[in-house]
Amino acid sequence: MLKRTHLLSTAASLLLPLAMQAFAAADTSRIPQLTACITRADGSQLLHVSELSPGLPAGSPVQVIQLDSSGRYQTISGFGYTLTGASALLIAGLPDRESTELLREIFGTADSQAGASYLRISMGASDLDTQVFSYDDLAPGMSDPELRYFNLSRDTLHLIPLLLQILAIQPGLRIMASPWSPPVWMKTNGSSIGGRLKPSCYDVYARYFVKYIQSMKALGIPIDAVTIQNEPFHGGNNPSMEMSAAEQADFIKNHLGPAFRSAGINTKILIWDHNCDHPEFPVEVLSDPAAKDWIHGSAFHLYAGEPAAMSAVHEAHPDKAIFFTEQWTGAKGEFGGDLHWHLKNVVIGALRNWSEVVLEWNLANDPDFGLHTPGGCSECRGAFTISNSTVSRNVSYYIISQVSRFVPPGAVRIESNLPSALPNVAFLTPAGKFVLLVLNEQPTAVSFAIRQNGRQALVSLPPESAGTFSWR
């Protein structure tokens, strides 16, 4: 039986203790009704949904979050996680009914489902696989420049069948693929750890990308985007590879881009895929006009640096997209602290700095924070912990669900101001709904007015909580 660790209810007896009433102003009308979804740092409310109706006008002044739908920024492509090989194995190992129920909860779009709409997967093994592998592994000393031995056999065991199940639930799901390492015979050190791509293997590695995308498409799995290399400045992971900006530019303009064109592939190409402390890397690659022509945008993590780095890259190259592709929650973290930090920096921070995608890291782990390669991450906490047939929800599930349930692909981020101590981000959805995500880090409730297009309402957000408000 699938273990439930939260309840969603709209029953009047469970309405949130929020004061919602029209805010006094001579030239405004009230917002007639809002849906509020609240998650509290102490866990007393988890994705708790209520329908709120305004009461009588309030006379005392409060902080105001002003939405302006004429101020439009990036269009949202999706929210989600990385489906690692280990998380695919764990989910696939659940009884059929439980695994189907879990996938519907994550990827379904009904009111009580999370609506995750974007997944990142690894090309070959990531460090959260049971063993290191590529799609063209050979005996030491051998090479395969014609890629005659290329195959997806390991991914066909768990990952690919699970992706097909997910696509049946969420046909519009977008999938990004990122390599942690090419086959070791393509590398300068002949190892899965570190090293660089041999210049003589640039062409064959581009064809490796092509064969991967074509093979996945033949199985019914379209790859929306690829990054060139996961964390190209971190060569100590297993697997991993280092890559400079000049190397990425050379690989893209002289090999990968032309190979995609020759094969008729429209998969997006993204660069960097590492921390916000080196925005000069994507700026350098994009400043090469011959490389830039092939590039859709830049991808970021936040283990170092600040979210504003994404805006710096956007300002240098405003015609290129920004994606946020990874952030993990750790074994030593605590729910409330992780909830606040990730919502403030990863979700609100990335979105207010032009990201159209926000992904947390691993979808699932076991109770010992496995499975992983030798030397892989031993403290990465997934969105779910799976132990036999028992599933527990962890903080990153709530981090993503707090926004993914209300902001579908195609929504547009719109202008909203930033009152003191109220980090927030606002959207207009394709269905014409306004959505406002607000974080209250204070130990006391905070009241604020929401104003939008001449309408307003007063809300009191509970202590140390996140609130997502939506209305027409």
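Analyst: Here are some questions and answers on the disulfide, the barrel and the helices. This is a predicted model, where local features need pLDDT of at least 70, side-chain atom pairs count only at pLDDT 80 or more, and totals for chains, interfaces and linings use all residues. Residues are numbered from 1 along each chain as its sequence is written, and side-chain values use heavy atoms, with hydrogens and water left out.

User: Which cysteine does C377 join in a disulfide?

Analyst: A disulfide is a pair of cysteine sulfur atoms within 2.5 Å. The rule gives a count of one disulfide here. From S to S it spans 2.1 Å, and the partner of C377 is C380.

User: What is the handedness of the disulfide of C377 and C380?

Analyst: Look at the torsion about the S-S bond of C377 and C380, which is about 105 degrees. That value is why the disulfide counts as right-handed.

User: Is C380 buried or exposed?

Analyst: Buried means under 20% relative accessible area, exposed means over 50%, and partly exposed is in between (1.4 Å probe, protein chains only). C380 has 3% relative accessibility, so it counts as buried.

User: How many strands make up the closed barrel?

Analyst: Strands and helices here are DSSP runs numbered from the N terminus (strands: E, at least two residues; helices: H or I, at least four). Two strands pair if DSSP finds at least two bridges between them. With parallel pairing, the closed barrel runs 7-8-9-10-11-12-13-15, so count along that order: the number of strands is eight.

User: Which residue in strand 13 stands opposite F300?

Analyst: Strand 12 and strand 13 pair in the parallel sense, over five bridges. In strand 13, the residue opposite F300 is F324.

User: Which helix do the buried residues of helix 8 pack against, besides helix 6?

Analyst: Helix 8 covers residues 308-316, and its buried residues are A309, M310, S311, V313 and H314. Contact means heavy atoms within 4.5 Å. These buried residues pack against strand 11 (268-276), strand 12 (297-305) and strand 13 (321-326), as well as helix 6 (280-286) and helix 9 (335-351). Besides helix 6, then, the name you want is helix 9.
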